[in-house]
Amino acid sequence: MTETRDEIIRKSTKEDSYWRGVWRRLRANRMAMISLVILILIVLSCIVVPMLSRYETYEVIPGAANQKPSAQNWLGTDKIGRDLFVRLFYGGRISLGVAVAVTALECVIGVVLGSVAGYFGGIVDTIVMRISEIFMCFPFLMICITLQTIFGKSIRTLILILAVLSWPGIARIVRGQILSLREMDYMEACRALGISNRRQIFTHLFPNVLAYVIVYATMSMASVILTETSLSFLGLGVSPPTPTWGNLIQEARNLTILQNKWWYWIPPGTMIFLSILCFNILGDGLRDAIDPKMQK
Amino acid sequence: MTETNTNKPLLEVKHLKTYFHSRNSTVKAVDDVSFEVYQGETLGIVGESGCGKSITCMSIGRLVECPPGRYEGGEIILDGEEILSMPDAKLRDIRGNKLAYIFQEPMTSLNPVFKIGYQIEEVLMLHRGMNKEEAHQAAIQALDRVRIPNPERVVNDYPFALSGGMRQRVMIAMALACSPKLLVADEPTTALDVTIQAQVLDLMNELKKEIDTSILFITHDLSVIAEMADRVMVMYAGKVVELADVNTIFERPLHPYTRGLIESRPDMSTSGTRLNVIPGNVPDLSDLPEGCSFSPRCAFCCDKCRAGVPELVEVEPNHWVRCYRPGGEDLDN
């Protein structure tokens with residue numbers, strides 16, 4: 001079968017559409033692809049391991065407290081006899097889940113406020129940006145403790161607090177982009193075609209900043225995992241007995257465990273380290289793939 | 001074209017004033033401009049950069065950003081409806097529907113993240129209430145109408161895959177998708193090279209006949225005006241200085257500025273000699289000279305010109321001039 005000239009042209013232009021180009025450049029970046037694969041493996045095992053394991057997350061195995069890793073308990077057991085292998089991956093579900101939820105919420109708030117501020121400018125812009133500055137000034141831990149006291153300690157509260165405290169970052173990026181994009185000729189053309197403000201912002205401008213939002217979201221995943229870990233370590237995050245990577249490390253918070261029972265803290269530590277490293281490398285890779293001009 | 005003048009005008013602009021206010025000055029970009037565009041005619045607006053021709057056009061669709069711009073007065077009546085006092089929602093119905101624009105820069109006037117087809121379909125879905133499938137077919141027809149080869153393929157292309165001339169055709173297809181009554185073309189061929197320019201102008205003339213639209217054509221290129229316009233309006237420093245049909249403008253220009261423009265064109269007979277120029281520069285619109293704004297550059301300037309601003313006067317039927325000494329003579333004598 002010979003392809004007609006049209007089909008060849010169609011194929012080549014399709015190959016070169018925006019997102020295909022991004023994917024092609026990302027695929028060429030070996031580090032980013034390794035990170036992506038590791039992340040996919042982590043996510044898959046967090047989903048699959050608790051479903052297949054013969055132990056339940058909260059199940060206490062009688063007479064099996066403080067066991068070293070063995071054929072029955074691959075990563076040993078904790079001080080009351082719960083299997084640490086299943087808790088590690090179940091904790092991953094919570095940690096990653098919180099990270100996804102916070103990032104999503106933060107991006108929604110940030111993108112909406114940022115685009116409205118950038119699009120309308122003037123007084124709206126001033127108000128939104130001053131509010132974002134106020135939010136950036138809050139001492140993080142203090143607000144965290146205060147809000148958790150007021151609203152009660154739960155995963156949902158934690159997600160809300162983290163999202164509400166972190167939207168200014170993305171809002172500022174989006175605002176800056178929209179400020180320059182709204183002056184483009186095609187936005188002038190949009191107005192001349194009778195397209196409403198809301199449609200101009202969310203249908204015509206948003207896809208133009210989507211790339212930046214994706215990069216930011218990837219980086220934000222890493223920082224939320226880290227924040228949740230630190231908060232859990234301080235006892236301000238998700239309450240035990242729910243496992244998270246931070247909570248698992250928190251249980252190793254004394255010298256004897258640190259020195260003698262490595263299986264308490266090395267595995268969650270490794271997971272935190274790996275996932276954050278991979279999210280950051282992937283984020284860098286995405287940024288280079290999306291905007292090749294930014295590469296050195 | 002004089003017979004069309006007996007009809008009711010499609011667009012009437014009366015005493016339009018669009019000013020820009022900054023902290024310590026006011027720029028009178030459009031100052032008391034009045035004109036009409038009749039059904040099926042092409043009115044050309046010429047003038048140097050910064051003479052207010054683009055702002056006049058933007059004002060018609062209320063596209064001037066406010067602030068810093070402000071409509072200080074006047075009326076714009078398009079097909080019986082007043083634009084300046086219209087609510088926003090109603091105005092959005094008119095834009096892209098009865099009133100369409102083509103801009104100067106085809107390279108940046110299409111959103112890079114959408115397919116060509118989508119950008120045309122959106123207008124049709126918005127103003128014609130078509131569904132996705134109907135709009136898609138109509139978009140293909142619209143591209144076909146502007147003589148784009150292979151429209152079924154081009155609808156699925158992204159803007160970067162097209163050249164400047166092709167993009168300008170797409171812009172024209174978009175503008176004409178809803179068969180507007182008035183098409184405002186703001187220097188549509190300035191960014192194109194000369195051969196493509198000729199093709200695009202021919203295309204606009206053909207389509208104008210096909211869908212019986214009126215065109216308001218802005219340019220600073222007199223040869224383009226000669227090819228396109230039925231009547232010509234010459235603007236200087238935010239004011240209309242001469243308005244007449246195209247032959248009169250080129251054969252018997254009366255305002256010294258119009259004469260200057262025509263004489264400063266390169267011409268076969270004068271090749272090898274220096275070009276004629278109008279001495280001086282366009283005045284600062286926030287600090288206009290006393291009297292006639294053109295007086296400091298005018299060869300026929302007299303004391304009267306420096307003292308007062310002349311009115312736009314009909315010196316012969318359908319030939320309006322804003323000058324005390326049209327054609328270098330004194331009106332009083």
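In this predicted model, helix 2 (residues 18-27) and helix 12 (residues 262-290) of chain A have axes that come within 8 Å and cross at roughly 130 degrees. Angles from 65 to 115 degrees count as roughly perpendicular and those over 145 as roughly antiparallel, so helix 2 of chain A is oblique to helix 12 of chain A. The crossing of helix 2 of chain A with helix 12 of chain A is right-handed.

Which residues of the two helices meet? Helix 2 of chain A brings Val22(A), Arg25(A) and Leu26(A), while helix 12 of chain A brings Gly285(A), Leu286(A), Ala289(A) and Ile290(A). Sorted by class, this contact of helix 2 with helix 12 of chain A holds five nonpolar residues, one polar residue and one charged residue.

Now let us turn to chain B. Here four strands make an open sheet in the order 2-1-4-5, with antiparallel pairing. Strand 2 and strand 5 of chain B are the edge strands, and each of them pairs on one side only. Helix 1 of chain B packs on this sheet and touches strand 1, strand 2 and strand 4 of chain B. The direction of helix 1 makes about 65 degrees with that of strand 2 of chain B.

| Strand of chain B | Residues |
|---|---|
| Strand 1 | 9-21 |
| Strand 2 | 26-38 |
| Strand 4 | 69-78 |
| Strand 5 | 81-82 |

In chain B, strand 1 and strand 2 run antiparallel and are joined by 10 bridges. Strand 1 and strand 2 of chain B also form a hairpin, with four residues between them. You can follow the pairing residue by residue: Glu12(B) has Glu36(B) in strand 2 of chain B as its bridge partner, and Thr18(B) stands opposite Val30(B) in strand 2 of chain B.

Finally, how many residues does each chain give to the contact between them? Chain B gives 24 residues and chain A gives 19 residues. On the side of chain B that touches chain A, helix 2 (88-94) and helix 3 (116-128) of chain B each supply at least two residues. By class, that side of chain B has 10 nonpolar, eight polar and six charged residues.

Notes: Residues numbered from 1 in each chain as written. Chains lettered and ligands numbered in written order. Predicted model: local features only at pLDDT ≥ 70, side-chain atom pairs only at ≥ 80, totals over all residues. Pairing = 2+ DSSP bridges. Contact = placed C-beta atoms within 7 Å. Axes fitted to C-alpha atoms, helices over the stretch in contact; angles between N-to-C directions. Parallel < 35°, antiparallel > 145°, perpendicular 65-115°, else oblique. Left-handed = near helix turned anticlockwise from the far one by under 90°. Nonpolar A, V, L, I, M, F, W, Y, C, P; charged D, E, K, R; others polar.
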